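Here are my comments on the model you sent. Please read them with the structure open.

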Amino acid sequence: MGMGIGFIGWIVIGALAGFIAEKIMKRDHGLVTNLIVGVIGAILGGWILGLFIDTATNGWIMSLITAVVGACVLLWIVGLIRSKSAK
């Protein structure tokens with residue numbers, strides 16, 4: 001995420017990204033879980049998209065998109081792990 005957003009911006013974007021990813025992935029979590037998934041997703045998404053494009057200089061909209069992509073990937077990975085452990 002871009003450095004110009006600040007700590008509060010990270011929290012807001014993380015919570016929003018977690019919420020959006022929750023809806024896209026058809027999951028049901030609470031606010032705290034959405035925040036955690038969104039922030040971890042932002043880190044994961046930043047790493048993944050950073051391999052292809054410069055995500056650090058594109059502002060809060062790109063940060064949100066990056067966080068949502070990362071959060072969806074994170075939820076997908078967790079879903080795979082849970083389905084394998086349930087067998």
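The points below go from the annotated spans to one helix and then to one of its residues.

1. The model is predicted, and local features are taken from it only where pLDDT is at least 70.

2. The unreviewed UniProt entry annotates residues 6-24, 31-53 and 59-81 as "transmembrane region". In the model, residues 59-81 are 100% helix and 0% strand, with end C-alpha atoms 33 Å apart. Residues 31-53 are 87% helix and 0% strand, and their end C-alpha atoms are 30 Å apart.

3. Helix 1 takes in residues 6-24, 19 residues in total. From first to last C-alpha, helix 1 reaches 26 Å, close to the 27 Å expected at 1.5 Å a residue. Just after helix 1, Lys26 has a positive phi of about 55°.

4. The buried residues of helix 1 are Gly9, Ile13, Gly14, Ala15, Ala17, Gly18, Ala21 and Glu22. Their cover includes helix 2 (31-50) and helix 3 (59-85). In an α-helix there are 3.6 residues a turn, so residues three or four places apart point the same way.

5. Glu22 deserves a separate look. Glu22 sits in helix 1 and has a relative accessible area of 2%. Glu22 counts as buried because that value is under the 20% cut-off.

6. What does Glu22 touch, leaving aside residues up to four places away in sequence? The contacts are Arg27, Asp28, His29, Gly30, Asn34 and Leu75. For His29, the backbone nitrogen lies 2.3 Å from a polar atom of the Glu22 side chain.

Note on methods: Residues numbered from 1 in each chain as written. Predicted model: local features only at pLDDT ≥ 70, side-chain atom pairs only at ≥ 80, totals over all residues. Heavy atoms only, no water. UniProt positions renumbered as here; feature names shortened; annotations may be inferred. Helix = DSSP H or I, 4+ residues; strand = E, 2+ residues; numbered from the N terminus. Expected span 1.5 Å × (residues − 1). Buried < 20%, exposed > 50% of the residue type's maximum accessible area, 1.4 Å probe, protein only. Contact = heavy atoms within 4.5 Å. Polar contact = N/O pair within 3.5 Å; in protein donor to acceptor, adjacent residues only side chain to side chain.
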